[in-house]
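Please look at the sequence and the structure before reading on.

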Amino acid sequence: MCRILVVDDDTITQLTLERVLQRQGYDVSVAGDGRTGLELAKQLKPALIICDWEMPEMDGLEVCREVKALPELSTSFFILLTARGESDDLVTGLDSGADDFLSKPPNINELKARVRAGLRSYQLSHALQEQKHLLEAELAEAADYVRSLLPEPLSGSVATDWTFLPSAQLGGDSFNYHWLDETHLAMYLLDVSGHGVGAALLSASVIHVLRSRSLPNINFQNPHDVLRALNTSFQMSDQNEKYFTIWYGVYDAESRQLTYSSGGHPPAILLTGQPADDAPKQLKTGGLPIGMLPEVEYKSHQCPLPVGSTLYLYSDGIYEVVLADGQLWTLNEFIDLVRQQHQPSTHPATILQRIQTLCDRDTFEDDLSLLQFQFA
């Protein structure tokens, strides 16, 4: 049974509306003033409220504004009962959140029709709210799944640490690292275009392929071969027009050589700790993002990693941010911040906190990922 609340300081109007609506099969409650009506609305959470505009102390506009400001009452259909008919008055009522108007004294047939229409609107709004909550719950579950794919820290000859700050929407950042054999460590970070479930699903699929090494006839110690195979398998025409950038590297612990390849991804940052190498090295190879065009050529480069070297991988969300002064940050400024903040004991979370301070905010429009590899 639909619950309706009538708020009116006129006893005759109260009785008239109550009797008519009860005969229609509705559960009707009555309040004689605006403040009592607001408290009843909070308790009963009615599907529809009919409220007189002109009341002492708290008029119908105030009741309407208070009701619509409460999340649990925001879908209640609100009808203002008024003798006013000027267009300016109607605009004022609508601006206050009213959904409909009913002339006073009310015409019974008009009352019945507007109540039926209001309840249909309430039921639709309520259903949409339920779907919204269901979707939010599913997105939260999907986000938890994406986070569950992120790797545990490593220790030993290669120590890893990372920080990941998801955006308000489900995003496409993901990363992993694992030993291919006793001496070769694979490391990679990818960023799928766009947001939402589609981006997250593609990201999870790619991570699964790389982690399970399920690309056929590919030597996963050769980064350019891996990117070429990914580009063949994940063309955007087959992925709902989504593509992704990636940085993929393999560290050989015996030779201390890092072999890497990138597809549209920002450069990795290498700090060797050597006096002659004060400036960070930027490691990238310049290939196109994965999926944009078929038969793209990818190349691998090599770089030695002296004892004490630190490598940082990241997604572009960590530097494509707006600072507190309204200026857009740049990649070079981010790299300079990493250099300034870097110490043997520095954690990626410390760098992220510094960025949050510079932007004067805790959350961002894109995922923020930052991985740290320390080579003993």
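## Salt bridges

A salt bridge is counted here when a side-chain nitrogen of Lys or Arg lies within 4 Å of a carboxyl oxygen of Asp or Glu. The model is predicted, and by this rule it has nine salt bridges. In general, side chains of opposite charge can pair when their charged atoms come close.

One of the salt bridges joins lysine 104 to aspartate 52, with N and O 3.0 Å apart. Lysine 104 sits in the loop between strand 5 (100-103) and helix 5 (108-148), while aspartate 52 belongs to strand 3 (residues 48-52), so the pair ties together parts that are 52 residues apart in sequence. Aspartate 52 is buried, at 3% relative accessible area, whereas lysine 104 is partly exposed, at 25%. Both residues also belong to a salt-bridge network that includes Asp8.

## Pairs within a helix

Lysine 42 and glutamate 39 form a salt bridge whose closest N and O atoms are 3.6 Å apart. The two residues lie in helix 2 (residues 34-44), three residues apart, or about one turn of the helix. Lysine 42 is partly exposed at 34% relative accessibility, and glutamate 39 is partly exposed at 39%.

Arginine 228 and aspartate 225 also meet in a salt bridge, at 3.4 Å from N to O. They are three residues apart in helix 7 (residues 223-233), about one helical turn. Arginine 228 is partly exposed at 40% relative accessibility, but aspartate 225 counts as buried at 17%, because the limit for buried is under 20%.

## Surface patches

Asp9, Asp10, Asp33 and Glu57 form a negative surface patch.

Leu288, Met292 and Leu293 make a nonpolar surface patch of about 240 Å². Leucine 288 is placed in the loop between strand 12 (281-283) and strand 13 (301-304). Its relative accessibility is 36%, which counts as partly exposed.

## Aromatic rings

The model has 11 aromatic pairs. In one of them, the ring centres of tyrosine 314 and phenylalanine 334 are 4.9 Å apart and the planes are at 65°, so the pair is edge-to-face. Tyrosine 314 is in strand 14 (residues 309-314) and phenylalanine 334 is in helix 8 (residues 331-341), 20 residues apart.

Both tyrosine 314 and phenylalanine 334 are buried.

Terms used: Residues are numbered from 1 along each chain as its sequence is written. This is a predicted model: local features need pLDDT of at least 70, side-chain atom pairs count only at pLDDT 80 or more; totals for chains, interfaces and linings use all residues. Side-chain values use heavy atoms; hydrogens and water are left out. Rings of Phe, Tyr and Trp (its six-membered ring) pair if their centres lie within 6.5 Å; planes under 30 degrees apart count as stacked, over 60 as edge-to-face and the rest as tilted. Helices (H or I, at least four residues) and strands (E, at least two) are DSSP runs, numbered from the N terminus. Buried means under 20% relative accessible area, exposed over 50%, partly exposed in between (1.4 Å probe, protein chains only). Patches are made of residues with over 30% relative accessible area and no salt bridge: like charges are joined within 9 Å, nonpolar side chains (Val, Leu, Ile, Met, Phe, Trp, Tyr) within 5 Å. Accessible areas come from the Shrake-Rupley method with a 1.4 Å probe; for residues, only the protein chains shown count as cover. Lys and Arg count as positive and Asp and Glu as negative; His and the chain ends are not counted. The place of a charge is taken as NZ of Lys, CZ of Arg, CG of Asp or CD of Glu.
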